[in-house]
Every structure is written in structure tokens, then in C-alpha cells.
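Hi everyone, thanks for coming.

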Amino acid sequence: MSIHDMQYLADKIEGLKQDGLYKTFKVVEGPNEAECVIDGKKVINLSSNNYLGFANHPRLKKAAIAAIEKYGVGAGAVRPINGNLSLHEELEKLLAEFKEEEAVIVYQSGFNCNAGTIQAAVDEGDLIISDELNHASIIDGCRLSKAKKTVFKHSDMKDLERVLKERRAEFNKVLIITDGVFSMDGDIANLPGIVALAEKYDCMTYVDDAHASGVLGRSGRGTVDHFHLHGKVDFIIGTLSKAMGVIGGYVAGKQVTIDWLKNRSRPLLFSTGNTPADTAAIIEAVKMLMESDAYTNKLWDNARLFKEKLGKLGFNTGHSETPITPIIIGDEAKTGAFSEALFENGVFTSPIVFPTVPKGTGRVRCMITAAHTEEQIERAVDIIAKVGRELGIIE
């Protein structure tokens with residue numbers, strides 16, 4: 001046997017299969033819509049982060065095509081060299097206006113935001129305090145930093161204050177990090193509580209609004225706007241790939257913060273800038289949100305309808321406060337069987353199991369969007385109820 005056979009990886013993959021944790025990718029054949037074709041089967045799509053239905057919106061497509069005609073298909077270089085397009089500057093100015101913050105810097109992805117911002121924000125002699133359920137990109141961003149790290153119990157302000165009392169005096173700067181909306185359970189961070197403790201103990205605050213951008217606040221301005229905390233959160237992270245329907249991420253904050261990131265955030269310094277088409281499409285998406293709250297209102301109307309119907313059927317949807325609606329099954333194998341049976345009956349929603357969530361808390365995560373019709377929601381709920389009864393999940 002040769003080292004080049006990569007047998008050690010084959011063994012690890014076999015272990016994943018035996019544990020029921022091996023993943024394969026389904027193929028979407030066409031636009032990522034509320035109802036689409038996946039692996040050759042037409043299904044109601046309950047697995048997309050396309051919250052507002054922007055991913056295939058005519059206005060965004062028109063803007064993207066026009067940008068390609070004017071700028072070409074790529075930025076051509078990292079932004080500090082000559083990949084900084086006028087489109088990038090326009091988007092950042094527009095996002096700052098939308099977010100009602102001093103300045104914004106745009107990244108290639110939300111993951112890159114966390115990977116590049118945390119390591120630039122704190123250093124040796126500092127401490128990061130992170131919610132225990134924060135996204136993997138936050139965890140990886142923390143690992144890249146030279147600061148010390150610790151966690152507090154999920155959304156538990158008493159535990160956060162315990163950590164601050166015990167450790168604040170040991171460090172120069174302290175950065176408290178939380179998701180705005182937690183992606184697996186759909187609950188909202190206690191941002192007012194975090195900000196209050198941060199101000200009491202002289203700490204900085206950092207919120208990742210990946211699942212709140214375009215969802216919470218006025219026309220989707222995020223958790224800071226939702227809780228009326230403008231000027232009190234130091235690092236505001238958002239994605240441009242979920243509700244905005246395209247790809248990328250951004251950091252909003254004080255001008256001095258953004259100026260520092262332009263000089264010390266590695267993904268900005270060492271990775272080519274966002275494409276012209278993507279950037280132009282995002283500009284159009286932001287303009288649409290600034291014009292009207294109809295998109296976010298429709299999203300929430302659909303989410304409330306879906307949750308109400310699932311609740312009446314007796315499904316366990318946890319403590320979700322947002323359009324993210326988990327159906328918690330528990331057993332990993334049963335979760336996978338539930339997901340597959342839903343797909344065969346015309347509903348696509350992915351199984352979420354360990355290590356994404358703790359063992360024994362497997363669930364299918366349903367993502368309702370503004371693009372779903374009431375008829376599609378009714379039909380999806382009927383299928384979920386049918387499969388749930390067949391598998392003994394509900395009576």
C-alpha cells in the first residue's frame with residue numbers, strides 16, 4: 001500500500017459512515033427558489049438561506065449582467081493593490097448608510113469576516129469571551145487570534161458576568177462575541193444584556209448578524225437596530241449571501257475600526273476582492289431594502305404561519321424566535337430517516353446532526369422565506385405531518 005492511497009482518510013470516512021455522520025451533497029438544478037428541482041426531483045425548498053427570495057430576483061440579475069459588461073468578471077487583484085473597484089466603494093458607502101454606522105468594509109464571505117476581524121481586533125494580553133453556541137467561523141476566528149479565549153453559557157448573562165468578575169482584571173482589552181441569531185435554534189442573542197455588562201466592565205462587543213441581516217430590525221438592519229443599540233456595539237458583522245441573496249460579508253463600525261481592518265485584516269490583504277457582478281447585485285439588494293419593508297414583512301408573515309401550524313401538530317420546534325424553525329427529533333439516525341422521507345414526499349430540509357449540534361439533539365432545520373406562497377407552506381406542512389406520523393414523531 002502506498003502513502004498516496006490516502007488510506008487514513010478512507011478509514012476516517014468509513015467511521016463517519018458507521019456513525020451515521022457521512023454527508024453527501026445534493027444537486028440543485030436551476031435557481032435556488034422556494035420550489036426547485038434537486039437531484040432531478042421537484043421539491044418545496046425548506047433548506048435555503050435565501051430569506052427574501054433575492055437569489056434569483058430580476059433586479060439583481062440585471063444589475064449583475066450590467067456590471068459584467070462594464071467591469072468584466074473579476075476584480076483582478078487584492079483590493080490594496082488595484083482590485084478596489086468603484087463598485088466596492090459604492091457598496092460600502094451604501095451599507096454604512098443602511099446600517100446607520102460610520103463605515104463598512106466588505107469581505108469575500110461572512111466566514112472571512114470572522115477569520116480576519118477577530119485576529120485584527122485583539123492581541124496578546126487580551127481576552128475573548130464567546131457564547132458557547134457561536135458559529136464555527138467565530139470559533140476559527142478566535143483560534144487565529146493571539147488573545148486568550150473562554151466561553152460563557154449560551155445567552156446566560158449571569159455566567160457572562162461570572163467570567164467578567166473572575167477574569168476582567170487580568171487583561172488589557174476584553175472582546176465579548178455573540179451571534180445575533182443562532183443558526184441551529186433560531187433564538188436571538190440577549191444583546192442588551194451583553195452591552196450592559198460590556199459597559200459595566202469596560203469591554204468591547206462583537207455581534208455576527210449572519211442570520212439577522214435582512215431579517216431583524218427595520219427592513220432587515222439587524223440585531224443592533226432591532227434592540228436600538230446603535231453606537232454601542234463595536235464590531236457588527238453581516239453576510240451578503242443569505243438574505244441579500246449573493247455572496248460576501250461586511251464589517252460595520254467606527255471609521256477608525258474600518259481603517260485598521262483595511263491595514264491588518266488578512267483576508268482583505270491577501271485574497272482577491274469581490275467580483276463586479278456580485279457587488280453590483282448586492283448594491284441592488286440593499287437599495288431594495290431601503291426602498292421598502294415589504295420583503296421582511298412577508299418573510300415574518302410566512303414564518304409565523306409555518307410555526308403556528310407545526311406547533312398545532314405537536315412538533316418540537318425548540319425556542320426559535322426567527323424564521324429559522326428546527327424540528328427537533330433527537331436520535332441522529334431517525335433524523336436522517338425523517339429528512340429522506342420528507343424529500344421522497346416532496347419537501348427538502350437537511351438533517352442537522354453532531355458535530356454541528358450536540359449528540360442526541362438531531363433536527364431538520366426549516367428555513368421559511370419571503371418567496372414561499374401560502375399554498376406551498378400549507379402543502380409542506382401536510383407532508384411534514386404525514387411523514388411525522390409514519391415515523392412516530394407525532395401522533
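Where is Met6 found relative to helix H1 (7-18)? Met6 sits in the segment before that helix; helices are DSSP runs of H or I with at least four residues, strands are runs of E with at least two, and both are numbered from the N terminus. A word on the model: it is predicted, so local features need pLDDT of at least 70 and side-chain atom pairs count only at pLDDT 80 or more, while totals for chains, interfaces and linings use all residues. Residues are numbered from 1 along each chain as its sequence is written, and side-chain values use heavy atoms, leaving out hydrogens and water.

Back to Met6. This residue is partly exposed, with a relative accessible area of 37%; that label covers the range between buried, under 20%, and exposed, over 50%, with a 1.4 Å probe and protein chains only. Together with Tyr8 and Leu9, Met6 forms a nonpolar patch on the surface, and the three have about 280 Å² of accessible area.

Now for the empty spaces. Rolling a probe the size of a water molecule over the atoms shows where empty space is left. On a 1 Å grid over the protein atoms alone, a pocket is an open set of points with protein on both sides within 12 Å along at least five of seven lines, a cavity is a set where a 1.4 Å probe fits but cannot get out, and lining residues have an atom within 4 Å of a point.

The largest pocket holds about 960 Å³ of space. Its lining has 27 residues, and Lys23, Thr24, Phe348, Ser350 and Pro351 lie nearest the centre. Helix H14 (332-344) and strand S12 (351-352) each supply at least two lining residues, and H14 gives the most, with five.

How much space lies in the second largest pocket? About 660 Å³. Here 33 residues form the lining, with Asn134, His135, Ser183, Met184 and Thr356 nearest the centre. Helix H5 (110-121), strand S8 (235-239) and strand S13 (362-367) are the elements that give two or more residues to this lining.

Finally, the structure holds one cavity of 30 Å³ or more. About 40 Å³ of space lies in the largest cavity, and the residues lining it include Asn32, Glu33, Ser48 and His372.

Key: Patch = residues over 30% accessible without salt bridge, like charges linked within 9 Å, V, L, I, M, F, W, Y side chains within 5 Å. Areas by Shrake-Rupley, 256 points an atom, 1.4 Å probe, with all protein chains shown as cover. Salt bridge = Lys/Arg side-chain N within 4 Å of Asp/Glu carboxyl O. Points joined across faces, edges and corners; volume = space filled by probe spheres on them.
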